[in-house]
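Visitor: I'm new to looking at proteins. Could you walk me through this one, a bit at a time?

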Amino acid sequence: MGNDSTLLYAYLPLRVFFASVQALEKGEGLSLELINLQHAVPERDYLYGLGLLREAFAQYEASVGIGPEMSKRAMPFFRENSRQLVGPEVGMYILPLFGNPDLALEGDGPMVRLAFDYGQLADHCLSENLFLFRRKYDRAFCLDNFLNQLGREYDKVFFDEENTGFAADSRFFSLLCNACLEVADPEESGRDEWRLVAFRRPEEVEYRCSGSMITPFTLISVPAGCLCGVTLLSADPLLRGTLVGFLRKAGLPAERLLDFK
């Protein structure tokens, strides 16, 4: 999972970072926005892992002699007319983090790269019912892991039209979440992506409308001590000077944290 010296990097638009730091002025922690997974990443991102899970179903059934008439490999993973997973009304909300500090990610305007101390962030997650997932890029390893779990759970997996077959703590729902959150295309291994994750019900989150889309999100607070570096990915000299003052006003040690790319 990492060690206490590991740094994880978040790449945020400046406007998002501004809102995050403003919470410190109110005596709160650093505010971080987690967006619903299906709204935060391209569809192909989570379909890759779910596709591998279906492949595991097919291989497991072949290994134990389950024929097409009894197969579960084509069972729906999403609710009808929705990209929400079957099962409990719980959504996955994420903030992507990366072990790679040199990604060239595009955003809406100037970008800021935040460096978080893995050890402190992981400790905070344990105490706040948050999760840190490191994405897995080894296809064979992920497939074997699914097969091992299906060996224990296959007979417990079922589906009905009311989607009542899955409890929030069911192992199959966990398999679906792991497929979406952890399994990644090997071609993206250079990103060394992690995900800070919260599970929330629809009535527990916030919503904003932009254009033709309504985006669900949730805000979490992390201690300022988890933050150990701020890099402004912009050469604008006016922005550099004002950012120093902004961090100082929020009570952050600008001279120690701030760097310019």
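Predicted model: local features only at pLDDT ≥ 70, side-chain atom pairs only at ≥ 80, totals over all residues.

Visitor: How many helices and strands does the protein have?
Guide: Helices (H or I, at least four residues) and strands (E, at least two) are DSSP runs, numbered from the N terminus. Going by that, the protein has 8 helices and 10 strands.

Visitor: What percentage of the 261 residues count as buried?
Guide: Buried means under 20% relative accessible area, exposed over 50%, and partly exposed in between, using a 1.4 Å probe and protein chains only. Of the 261 residues of the protein, the buried share is 49%.

Visitor: Which residues have the most contacts inside the largest nonpolar core?
Guide: A nonpolar core is a set of buried Ala, Val, Leu, Ile, Met, Phe, Trp, Tyr and Cys residues joined through side-chain atoms within 4.5 Å. In soluble globular proteins, nonpolar side chains tend to be buried together. The largest core here has 43 residues, and the ones with the most contacts inside it are Leu-97 and Phe-116.

Visitor: How many residues are in the second, separate core?
Guide: Its members include Cys-142, Cys-177, Ala-179 and Val-183. The size of this second core is 34 residues.

Visitor: How many residues of strand β4 are buried?
Guide: β4 covers residues 111-117. Met-111, Arg-113, Ala-115 and Asp-117 point one way, while Val-112, Leu-114 and Phe-116 point the other way, and all are buried. So the count for β4 is 7 of 7.

Visitor: What is the bridge partner of Leu-114 in β9?
Guide: Two strands pair if DSSP finds at least two bridges between them. β4 is joined to β1 (residues 7-13) by 7 bridges, running antiparallel, and Ala-10 stands opposite Leu-114 there. Another 6 bridges join β4 to β9 (residues 227-233), again antiparallel. In β9, the partner of Leu-114 is Val-230.

Visitor: Is Val-197 buried or exposed?
Guide: Val-197 lies in strand β6, residues 193-200. Leaving aside neighbours within four places in sequence, Val-197 is in contact with Leu-34, Tyr-93, Ile-94, Leu-130, Phe-131, Phe-133 and Leu-181. Its relative accessible area is 0%, so Val-197 is buried.

Visitor: What is the relative accessible area of Thr-215?
Guide: Thr-215 sits in strand β8, residues 213-222. Leaving aside neighbours within four places in sequence, its contacts are Ile-35, His-39, Glu-206, Tyr-207 and Arg-208. Thr-215 counts as buried, because its relative accessible area is 15%.

Visitor: Are α5 and α6 roughly parallel or roughly antiparallel to each other?
Guide: Axes are lines fitted to C-alpha atoms, for helices over the stretch in contact, and angles run from 0 to 180 degrees between N-to-C directions. Angles under 35 degrees count as roughly parallel, over 145 as roughly antiparallel, 65 to 115 as roughly perpendicular and the rest as oblique. α5 (residues 139-153) and α6 (residues 171-181) pack at about 165 degrees, with their axes 11 Å apart. Therefore α5 and α6 are roughly antiparallel.

Visitor: What is the relation between α3 and α6?
Guide: The axes of α3 and α6 come within 7 Å and cross at roughly 130 degrees. Residues of α3 that meet α6 include Gly-49, Leu-53 and Phe-57. Therefore α3 and α6 are oblique.

Visitor: How many of the 11 residues of α6 are buried?
Guide: Among the buried ones are Phe-172, Leu-176 and Cys-180. What covers the buried residues of α6 includes α3, α5 and β6. α6 is largely enclosed by the rest of the structure, because its buried count is 9 of the 11 residues.

Note on methods: Residues numbered from 1 in each chain as written. Heavy atoms only, no water. Contact = heavy atoms within 4.5 Å.
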